[in-house]
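Open your viewer and keep the selection tool at hand. We will go from stop to stop, with something to select at each one.

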Amino acid sequence: MINELIFMNGYAGYVLSAFSFTLLSFLGLYLVIKIQFVREQNKFITKFGSLNAEQANSAKSQRINKEILANSTNN
Amino acid sequence: MLKFFEPNKIFKITSRAPKYVLFLFIVVLSIGLVEALVLSPEDYKQSDAVRIMYVHVPAAWITLGIFSSITILSISGFIFKNKNFFLISKSLAPSGFVFNIIALVTGSIWGKPTWGTWWAWDARITSMLILVLFYAMYLIVWRIYDSEEKVYKISTLVTIVGIINVPIIKYSVDWWNTLHQPASINLLSKSSIHSSMLYPLLLMTAAFALFSLLIFLMKYNTELIKIKNKGLDRL
């Protein structure tokens, strides 16, 4: 039973390499998109921090900006 | 109706959804992998090599679905003059591209034990290769042009030309003599695949769909923050 599962009648090399390629592609894509997201979020926080009080208030009046700031503190 | 989908209104949802989608994806994928690799039966002809189907077929279905969605959204963006449609299209493209590559590579791995070759220039495989080129062109257009109007026009043109290839992919196995077998699953008539193989296939398809939703949400949020960064520069 265990041998059948591991060797898959001689096709384990093909099956496991197909599944591994798929899962590694998932992981790679997830990491690339996550890095892009964190980079943009950090850029936003840096830019927001450099605003004066009036500009910051004006920026905060926008719903998305408020959400980005709230999410960045949650992360 | 369209106003409901404005970024300002949906960002609250799209920014919080990824963690829940990621959790659901991990759960469904884990069950799907156990079903696909352990519980589902081997095929009487292909033996255990048939298990490659559980990653190959969902990847192919989803890449076709995403390209069709990108085309519809791009054309709708022009008709309704809605930039958000273009943003959604752009955010869908990376996962569509990766699923297309997965379908090609896993198909190639499956080809070796079943057909005795890694690659054949048959109609289905060649048309899938052409689709990956259209995905690449679409993604490159977003990278190389600065003018929004130009990007919208050229990327839509790429999808309109590329969508001609989608029915060719679908019907290539019926129109030409190919190494691929005809479709085993039909929405309108009885499927020729046994339920013991159909359920794992549907589970893996659900897992893949959740993954593409996760990537879409993360990419869409990134694009919105990018726009907001430009907004801060203008203050």
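Here is the tour, after a short note on the model.

This is a predicted model, where local features need pLDDT of at least 70, side-chain atom pairs count only at pLDDT 80 or more, and totals for chains, interfaces and linings use all residues. Residues are numbered from 1 along each chain as its sequence is written, chains are lettered from A and ligands numbered from 1 in the order in which they are written, and side-chain values use heavy atoms, with hydrogens and water left out.

**Stop 1: a positive patch**

Select Lys60(A), Arg63(A), Lys66(A), Lys9(B) and Lys12(B). Together they form a positive surface patch. A patch takes residues with over 30% relative accessible area and no salt bridge, joining like charges within 9 Å and nonpolar side chains (Val, Leu, Ile, Met, Phe, Trp, Tyr) within 5 Å. Areas come from the Shrake-Rupley method with a 1.4 Å probe, and for residues only the protein chains shown count as cover. Lys and Arg count as positive, Asp and Glu as negative; His and the chain ends are not counted. Each charge is placed at NZ of Lys, CZ of Arg, CG of Asp or CD of Glu.

Now colour helix 4 (63-74) of chain A and helix 1 (7-39) of chain B. Each supplies at least two residues of the patch. Helices (H or I, at least four residues) and strands (E, at least two) are DSSP runs, numbered from the N terminus. Zoom in on Arg63(A), which lies in helix 4 of chain A. Arg63(A) is exposed, because its relative accessibility is 51%. The cut-offs are under 20% relative accessible area for buried, over 50% for exposed and in between for partly exposed (1.4 Å probe, protein chains only).

**Stop 2: two side chains facing backbone oxygens**

Pick Ser25(A) in helix 2 (residues 12-49) of chain A. A polar atom of its side chain lies 2.7 Å from the backbone oxygen of Phe21(A). Ser25(A) is buried, at 17%.

Move to Thr156(B), in helix 5 (residues 148-163) of chain B. Here the side chain has a polar atom 2.6 Å from the backbone oxygen of Tyr152(B). Thr156(B) is buried too, at 4% relative accessibility.

**Stop 3: salt bridges**

How many salt bridges are there over all chains? A search of the whole structure finds six. In a salt bridge, a side-chain nitrogen of Lys or Arg is within 4 Å of a carboxyl oxygen of Asp or Glu.

Select Lys83(B) and Glu148(B). Their side chains meet in a salt bridge at 3.1 Å, N to O. Lys83(B) is in helix 3 (residues 83-115) of chain B and Glu148(B) in helix 5, so the pair ties together parts 65 residues apart in sequence.

Next, pick Glu223(B). It has a salt bridge with Lys219(B) at 3.3 Å and another with Lys226(B) at 3.6 Å. Glu223(B) and Lys219(B) lie four residues apart in helix 7 (residues 195-234) of chain B, about one turn. Glu223(B) is buried at 4%, while Lys226(B) is partly exposed at 31%.

**Stop 4: two positive phi angles**

Select Ser47(B), in the loop between helix 1 and helix 2 (53-80) of chain B. Its phi is near 55°, a positive value in a residue other than glycine. Is Ser47(B) buried or exposed? It counts as buried, at 13%.

End at Lys81(B), in the loop between helix 2 and helix 3 of chain B. Lys81(B) is not a glycine, yet its phi is positive, about 50°. Lys81(B) is exposed, at 72%.

Technical notes:
A polar contact is a pair of N or O atoms within 3.5 Å; within protein, one must be able to donate a hydrogen and the other to accept it, and residues adjacent in sequence count only if both atoms are side-chain atoms.
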